[in-house]
Amino acid sequence: MSLMRPRCYAMKSSVKKNKKVNPQAAALDFFAEAGLLKRVKRSGWWVAGIENPETVAEHCFRCAVIGYYIAHCEDVDPYRVVTMTLFNDIHEARINDLHKMGHYYIDFREAEKKAFADQVSLLDKKVKAALQKMRGDYESQSSAESIVARDADILECLIQAKEYVDNGYPVAKTFFKRAPDHLKTATARKLWKQALSWDSHAWWQNVVKFER
């Protein structure tokens, strides 16, 4: 019986390395990830007893609408704001939406950064650079547009909470306590002040037509 040590052989990875990235394929994969957000639920509402809350995609869409409005009122570039609001939660396609209790235990910010970096890594260079710049601006809150975009995000959550309260989920009113303190723009603060006494069902009652 030989007492010689067995030779160690380096194992080759079974994963094939992409020699050349197909930009069209990478773009389609990115679009598919964005589409997944149509099925990712906003989990924070579960603690308020809302079993079937809106999706991340639905949230981002209305963020963009609100951001566009606030941007005009605050005299900042509405298109930069809309871009930030649309891509703000794109990382949640990979790591899902995590409510604030989860944030207490997990460094979610770092996970967001890693997921976003991986998502854009294979995109066209110009697109990648633009998205990275936009993301850095939003996270640093260093521009007027980034402040408006963040206000739109917060205000959308608050308006959604008001709608849930109006639809019979009183616990959603808990979100009224802290979030408004984080609104920075005068426009967002005025809108929220008005929303407190606003009937979220009034708009459709004024346009419904009944005929005999």
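## The nonpolar core

The largest nonpolar core has 37 residues, and those with the most contacts inside it are Leu131, Leu155, Leu183 and Trp192. A nonpolar core here is a set of buried Ala, Val, Leu, Ile, Met, Phe, Trp, Tyr and Cys residues joined through side-chain atoms within 4.5 Å, where buried means under 20% relative accessible area, exposed over 50%, and partly exposed in between (1.4 Å probe, protein chains only). At least two residues of this core come from each of helices H2 (56-73), H3 (78-87), H6 (108-120), H7 (125-140), H8 (144-166) and H9 (186-195), and the largest share, nine residues, comes from H8. Helices (H or I, at least four residues) are DSSP runs, as are strands (E, at least two), and they are numbered from the N terminus.

Leaving aside its neighbours within four places in sequence, Leu155 is in contact (heavy atoms within 4.5 Å) with Ile66, Ile70, Leu183, Ala188, Leu191 and Trp192. In soluble globular proteins, nonpolar side chains tend to be buried together.

## Basis of the model

This is a predicted model, in which local features need pLDDT of at least 70 and side-chain atom pairs count only at pLDDT 80 or more, while totals for chains, interfaces and linings use all residues. Residues are numbered from 1 along each chain as its sequence is written, and side-chain values use heavy atoms, with hydrogens and water left out.

## Salt bridges

With a salt bridge taken as a side-chain nitrogen of Lys or Arg within 4 Å of a carboxyl oxygen of Asp or Glu, the count comes to 13. Glu145 forms one with Arg80, the closest N and O atoms being 3.2 Å apart; because Glu145 lies in helix H8 and Arg80 in helix H3, this pair ties together parts that are 65 residues apart in sequence. Glu145 is buried at 11% relative accessibility, whereas Arg80 is partly exposed at 37%.

Within helix H8, Lys162 and Asp166 lie four residues apart, about one turn of the helix, and their side chains meet in a salt bridge of 3.0 Å, N to O. Another salt bridge joins Arg42 to Glu54, with the closest N and O atoms 3.5 Å apart; both of these residues are buried, and together with Asp97 they are linked in a network of salt bridges.

## Cysteines

If a disulfide is defined as a pair of cysteine sulfur atoms within 2.5 Å, the count is zero. The sulfur of Cys63 is 5.9 Å from the closest cysteine sulfur, in Cys60, and is therefore too far away for a bond. Cys157 is likewise in no disulfide, since the nearest cysteine sulfur, that of Cys63, is 6.4 Å away. Cys63 is buried at 2% relative accessible area, while Cys157 is partly exposed at 23%.

## Loops and surface

Most residues other than glycine have a negative phi. Asp75, although not a glycine, has a positive phi of about 60°; Asp75 lies in the loop between H2 and H3 and is exposed, with a relative accessible area of 71%. Asn96 is not a glycine either and has a positive phi of about 65°, in the loop between helix H4 (92-95) and helix H5 (100-105).

Trp204 lies in helix H10 (residues 202-205) and is partly exposed at 36% relative accessible area.
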